[in-house]
Amino acid sequence: MNVENTKALGKIARGTGIVFVGTVVAMLLTFFSRAMLARHFDRYHYGSFTLTVTIISIATTIALLGLSSGLPRQISHYLREDPPKVSRIISTGLAIALSSSVITSLLVILMSGSLASLMKDVLLSKNLHIVSFAIPFIVLLLMLVAISRGYGRVRENFYYRNMLQPLLFFILVGTGILLNQGFSFVFIAYLLSWALSGVSLLIESSKQRLLPRRFEIDGKIGLELLIFSLPLMLTGILDYVMGWTDSIMIGYYYGPDRVGLYNGAAPIARVLPIFLNSMGFIYMPIATGFYTLGDIRGLEKLYRSTTKWAFVLTLPLFITAFAFPRTTILLVFGNRYVEASTALRILSLGFTFHVAMGLNAMTLLAIGRTYDNLIGNLLAAALNVVLNITLIPLYGIEGAAVATALSYIGANVYRTWKLRKRIGITPFGKPYLKTLFLGGIAVAVAFIIGDSGSIVDTALSILVIYTAFMVAFVRAGCVESEDEELMEVIFKRTGLNFKKVLDLIGAKRRK
């Protein structure tokens, strides 16, 4: 493995560690917030909250116009090609996104009554009248994070997006519940958490000189940004279609109560790509660098290594959700939601398949193939809608789970095929195929053990099975030479010698 690959993987490892910690904290705070809401309010109110946040998330994606994904790529590209152009790119991107966010916020307010009628939710209109004012602040924060990401920084994402906003929401919601505030206070808390976080990051970004000293809006650059980013906006919308059509369609057919039940499973399943998403935050600018330099072999090594380790790290989470769904839901959301156990098992399959295919969408973005991502998501979203319409009336929330899982599988198959066709790379080296086989055995053993409902028994089973998997993973020669170099760097920080650990368990050493 050459020096550039080692440095790149080392940077991803360091960045992933920071992003992962932030993502875990954010997810835990979000879980605790949702658990408080689910336990304090009834399922109808919890479902109404889910529908409201879903609509705001889709509206925010539209308001961003794909710029939160396109801007980091363009910044990282022009830092190498034309550095003076970067300040104009940032200024123009911010101006477009913030203008769009204000317009979108007003449109949501105007449409709130119609949306409430469509979703059979008598609370939705009032909710949206409050929370739609959060859209400009959400866009502001996400754009500032995107700018820092283009410079290869993770600090802003960690402190402001992953830490401050969910922490503020958790504190405000908890305070509201203690003071016996009504349901509307939840959305006031949501608005305040994003507003305070966005303004705080704006002040910090100015201090760190991430923003241009003089804002120059360039029409030509704006057009260039939109041409590159609009497919990413549509891709983002289609991501939400795949991720949230299930909740919206359940709301349409059954109302907020069943949406609340389904969302005893869906948020847990969405935790599964946590390691992959953490790697993706820092992966894209580095992958863009490899492609810009024409180093396709280096890009493939990067892609394969991140995919393999994302799967290895995700495996215990998958075992937990797939083999022990009842215990998992009981622990997180309580007894009222255990009816969603089968839905959790189905969803976990779809999200783990997504992890197993790796950062295919990020890699397509790095090589400038935004339309390939768009077409893949369009096909998968269409499949999702058709399956939801067909299956939800017949099978309820389990039908929604099948629709979502199959749409994620379809999208990832298409993107992986496109990467193979465009630049000849896949995630499937021999060591990774061995890893998938060993992972399958581990999941089968856990499934055979069965879900007893005991938290202690479940935790011990997962610990024993995953430990056995890791020993087999190392001894089977799944750790490659570049992995050893990377892990050696990481282990040094803990005071351990990674090579001695490999020797101790009799690992096969790959050259």
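Handedness convention before I look at any pair: I call a crossing left-handed if the near helix is turned anticlockwise from the far one by less than a right angle, and right-handed if clockwise. Helices here are DSSP runs of H or I with at least four residues, strands are runs of E with at least two, and both are numbered from the N terminus.

Ground rules. I am working on a predicted model, where local features need pLDDT of at least 70, side-chain atom pairs count only at pLDDT 80 or more, and totals for chains, interfaces and linings use all residues. Residues are numbered from 1 along each chain as its sequence is written, and side-chain values use heavy atoms, with hydrogens and water left out.

**Entry 1: the chain overall**

I looked up the secondary structure and found 22 helices and zero strands in the chain. I then checked burial (buried is under 20% relative accessible area, exposed over 50%, partly exposed in between, with a 1.4 Å probe and protein chains only). Of the 511 residues, 57% count as buried. For contacts I take heavy atoms within 4.5 Å. Among contacts with a separation of 6 or more, 85% are between residues 24 or more positions apart.

**Entry 2**

I describe two packed helices by the angle between their axes and the distance between the axes. Axes are lines fitted to C-alpha atoms, for helices over the stretch in contact, and angles run from 0 to 180 degrees between N-to-C directions. Under 35 degrees I write roughly parallel, over 145 roughly antiparallel, 65 to 115 roughly perpendicular, and the rest oblique.

The axes of H13 (residues 296-323) and H20 (residues 455-475) come within 10 Å and cross at roughly 155°. That angle makes H13 roughly antiparallel to H20. The crossing is right-handed. From H13 the contact takes Lys308, Trp309, Val312, Leu313, Leu315, Pro316, Ile319 and Thr320, and from H20 it takes Ile462, Ile465, Tyr466, Phe469, Met470 and Phe473. I sort residues by class: Ala, Val, Leu, Ile, Met, Phe, Trp, Tyr, Cys and Pro as nonpolar, Asp, Glu, Lys and Arg as charged, and the others, Gly among them, as polar. For H13 with H20 that gives twelve nonpolar, one polar and one charged.

**Entry 2: H15 against H18, and Ala405**

The axes of H15 (residues 341-356) and H18 come within 8 Å and cross at roughly 5°, so I log H15 and H18 as roughly parallel. On the H15 side I list, among them, Ile346, Leu347, Gly350 and Phe351, and on the H18 side the list includes Ala401, Ala405, Tyr408 and Ile409. By class, this contact has twelve nonpolar, five polar and two charged residues.

Ala405 and Gly350 are 55 residues apart in sequence, yet their C-alpha atoms are 3.9 Å apart. Not counting residues up to four places away in sequence, Ala405 touches Ile346 and Gly350.

The axes of H3 (residues 67-81) and H6 come within 8 Å and cross at roughly 25°, so H3 and H6 go down as roughly parallel. This crossing is right-handed. Leu71, Ile75 and Leu79 are among the H3 residues in the contact, and Leu142, Met143 and Ile147 are among those of H6. The classes come to nine nonpolar, three polar and one charged.

A nonpolar core, for me, is a set of buried Ala, Val, Leu, Ile, Met, Phe, Trp, Tyr and Cys residues joined through side-chain atoms within 4.5 Å. The largest core has 92 residues, and within it Tyr190 and Tyr262 touch the most other members. H6 (residues 135-150) gives the most to this core, with ten residues. A second, separate core of 42 residues includes Met279, Phe290, Trp309 and Leu364.

Which residues does Tyr190 contact, leaving aside neighbours within four places in sequence? I get Val53, Ile56, Val131, Ala134, Ile138 and Phe169.

**Entry 3: positive phi**

Lys120 is not a glycine, but its phi is near 55°. I find Lys120 in the loop between H4 (85-118) and H5 (124-131), partly exposed at 46%. Arg209 also has a positive phi, about 60°. Arg209 lies in the loop between H8 (184-207) and H9 (219-254) and is exposed at 64%.
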